[in-house]
Amino acid sequence: MEIQLIKIENRKIVIQTSEGELRGSLMNQLEIILGPLGFVKADQSNLVNISQISKLEKDVLIFKDSDNTFQIPRRNVSKLKDIFDKIQQDE
């Protein structure tokens, strides 16, 4: 899918692609576009690159090659742990 144009109409983002238009909130569209690249929704406002996580400790993501961390809401821990564990098994 190739992005051709991004615009805002009536407070919603419209992404025109080679396969048609994607409409909705910015976060939903980013999830659709970045999902195949390994990004997952960590909470309402943040997407994380799952391949850049070195470990998950309780409700904190620890990123590779840096001191950066990200605290995730408890309700999302199980989902992210499942995704992270699956990535670890595939490596």
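Me: Which side chain does Lys81 meet in a salt bridge?
Reply: In this predicted model, the side chain of Lys81 meets that of Asp85 in a salt bridge, at 2.8 Å from N to O.

Me: How far apart are those two along helix H2?
Reply: Lys81 and Asp85 are four residues apart in helix H2, so about one helical turn separates them.

Me: Are they buried, partly exposed or exposed?
Reply: Lys81 is partly exposed, with a relative accessible area of 40%. Asp85 also counts as partly exposed, at 29% relative accessibility.

Me: Which residues of H2 are buried, then?
Reply: The buried residues of H2 are Asn76, Val77, Leu80 and Phe84. Their cover includes strand E4 (39–43) and strand E6 (53–57).

Me: What span does H2 reach?
Reply: Helix H2 covers residues 74–90, 17 residues in total, and reaches 25 Å from its first C-alpha to its last. That is close to the 24 Å expected at 1.5 Å a residue.

Me: Back to Leu80. How far is Leu61 from it in space?
Reply: The C-alpha atoms of Leu61 and Leu80 are 9.2 Å apart, and the two residues are 19 apart in sequence. Leu61 lies in strand E7 (residues 60–63) and is buried, with a relative accessible area of 2%.

Me: What does Leu61 touch?
Reply: Leaving aside residues up to four places away in sequence, Leu61 touches Val48, Ile53, Lys55, Leu56, Asn68, Thr69, Phe70 and Ile72.

Me: New topic: what is the strand order in the open sheet of three strands?
Reply: The order is E1-E2-E3, with antiparallel pairing. Strand E1 (3–9) and strand E3 (20–24) stand at the edges with a single partner strand each, so one side of each has no neighbour in the sheet. The twist averages 20° from one strand to the next.

Me: And which helix packs on that sheet?
Reply: Helix H1 (residues 26–34) does, touching E1, E2 and E3, and its direction makes about 135° with that of E3.

Me: How many bridges join E2 and E3?
Reply: Strand E2 (residues 12–17) pairs with E3 over five bridges, in the antiparallel sense. Gln16 has Glu21 in E3 as its bridge partner.

Me: Which salt bridge network includes Glu21?
Reply: Salt bridges link Lys7, Glu9, Glu21 and Arg23 in a network. Within it, the side chains of Arg23 and Glu21 meet at 3.0 Å, N to O.

Me: How many salt bridges are there in the whole structure?
Reply: A search of the whole structure finds six. One of them joins Lys41 and Glu31, with the closest N and O atoms 3.8 Å apart. This pair links distant parts of the chain, with Lys41 in strand E4 and Glu31 in helix H1, ten residues apart.

Conventions. Residues numbered from 1 in each chain as written. Predicted model: local features only at pLDDT ≥ 70, side-chain atom pairs only at ≥ 80, totals over all residues. Heavy atoms only, no water. Expected span 1.5 Å × (residues − 1). Buried < 20%, exposed > 50% of the residue type's maximum accessible area, 1.4 Å probe, protein only. Contact = heavy atoms within 4.5 Å. Pairing = 2+ DSSP bridges. Axes fitted to C-alpha atoms, helices over the stretch in contact; angles between N-to-C directions. Salt bridge = Lys/Arg side-chain N within 4 Å of Asp/Glu carboxyl O.
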